[in-house]
Structures are given as C-alpha cells and as structure tokens.
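Keep the 3D view open as you read.

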Amino acid sequence: MKKVVCYPHPALVHPTKALTSIDKKIHLHVGEMIETMYDAKGLGLAANQVALPFQILVMNITGDPNQKDQEHVFINPVIVEKKGVQEGDEGCLSFPDLFQKVRRAKTVKVQAYNLQGEPVEVMANDLAARCWQHELDHLNGIVFISKMGPLARLAARGAVKDFERKFREAQKRGEIPPDTEIEKVLKALEGEVNEPGAKNGAY
Ligand code: ZN
C-alpha cells in the first residue's frame, strides 16, 4: 500500500506525465493505488496523491471495495465536454477533514484508456462528475482549495495554514524529505533525469 501525501507535498503541484505504455510496473502501481484508495475511504485517487507523477487515476464512487463493477482505472484521462453547474461540499484525501463548497460542472464527458490500453469514453453526472473534475485537477497539479470561491477559501484558510505548518514540521523532524529531494525522486520516476542532461551536453 502507498501513503497518501498531504498538502503542501510537492507531488500535488507536479503535473503528471502521460503514459505511452502500460507495463507490469504500472499494473503494480495501479493495484497499490486501488488498495490505498479503499483504505483511505476515498472515492477516487490520482497517482500524484501517492507521489507517482503519472496520468493514472482510480475511482469507485461507491467507496465500497465489494462493488467491483464500480471500480475503474483510467490512464491519460481528459475532460472533453462540460455542461451545467453544481455546487456542493467537497473533500480531498490530501487535505484530511477539510470540506468546503466547490462549484463544478454538473456533467462531464471524459476520454481515457483503461488498463488494457483500450480507449474508453465516459459520461458522468453529479457526484461522479465532481469526482472526475477533482481527480483530473490533481493530475494537472491543481488542488481543490484553488477551485473554492472566496468565502470557502476564507473559511478554509486556518486549516490550510495548519496543513502547511504540520508538513514543514515533519520535514524539520526528518520524517518527510526536503522539497528538493522529493522533486528529484519525481523526476527520476518520470525517467527524465538523463535525457535533458544528455541534450545539454551535446550543445
Ligand atoms: Zn483530492
């Protein structure tokens, strides 16, 4: 199982990379993400919430591990259509116990790939649409506090400051590596460590 990282962990603002192939490693990551999502009692989980910089998300809007038919894995997802408006309370596993009103589209159409690499298209409404928009934001390095209206943001300010303080304290105690170290690990995971260097050397 993986650990869900909390704000302001750098992985949460690190835009994820699209996958070009789905190998054994990805299957292992996905298995762990599903396990982690259920354990944390979430309805969805984006890969960068467990510090994996890839465009993978897992979802089960029932939150019930026994409802396997509601369990989905989406690779390289994109929202291709949004309609209507809904306003409601939203929470995030990376901001434990913080719930605030967030305005979202009521309906979304999403295109992605499943774990078999086949293209899929999904229409989602209401809660499912909210979950999609929240998770897609994650993959783009956007956290839900930046989607709150001014009142909700003001109400959340104390909690957000607490998250920041706790995170920095854990870093000082050495329980969480410094941001620069985390960034290095994310880059290494992306497999980009050698490529840019090699290019620089050539010029
Ligand atoms: Zn979230």
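Helices (H or I, at least four residues) and strands (E, at least two) are DSSP runs, numbered from the N terminus. The model is predicted: local features need pLDDT of at least 70, side-chain atom pairs count only at pLDDT 80 or more, and totals for chains, interfaces and linings use all residues. Residues are numbered from 1 along each chain as its sequence is written, and side-chain values use heavy atoms, with hydrogens and water left out.

Now the overall shape. Along the principal axes, the C-alpha atoms fill a box of roughly 50 × 45 × 35 Å. Of the 203 residues, 42% are buried. Buried means under 20% relative accessible area, exposed over 50%, and partly exposed in between (1.4 Å probe, protein chains only). Among contacts (heavy atoms within 4.5 Å) between residues at least 6 apart in sequence, 64% join residues at least 24 apart.

Next, look inside. In soluble globular proteins, nonpolar side chains tend to be buried together. A nonpolar core is a set of buried Ala, Val, Leu, Ile, Met, Phe, Trp, Tyr and Cys residues joined through side-chain atoms within 4.5 Å. The largest one here has 18 residues, and Val30, Met33, Leu45, Ile56, Val58 and Val73 touch the most other members. Helix 1 (24-39), strand 2 (56-59) and strand 3 (72-83) each supply at least two residues of this core. The largest share, 6 residues, comes from helix 1. Follow Met33 for a moment. Leaving aside neighbours within four places in sequence, Met33 is in contact with residues including Leu45, Val50, Ile56 and Val58.

Finally, the metal. Which residues coordinate the zinc ion? They are Cys92 (SG), His134 (NE2) and His138 (NE2), at 2.0 to 2.2 Å. Donors are N, O and S atoms within 2.8 Å of the metal (3.2 Å for Na, K and Ca); water is not among the atoms, so sites may look incomplete. The donors follow the spacing C-x41-H-x3-H along the chain. Cys92 lies in strand 4 (residues 86-92) and His134 in helix 2 (residues 126-139), so the pair ties together parts that are 42 residues apart in sequence. Cys92 is buried, with a relative accessible area of 8%. His134 is buried too, at 7%.
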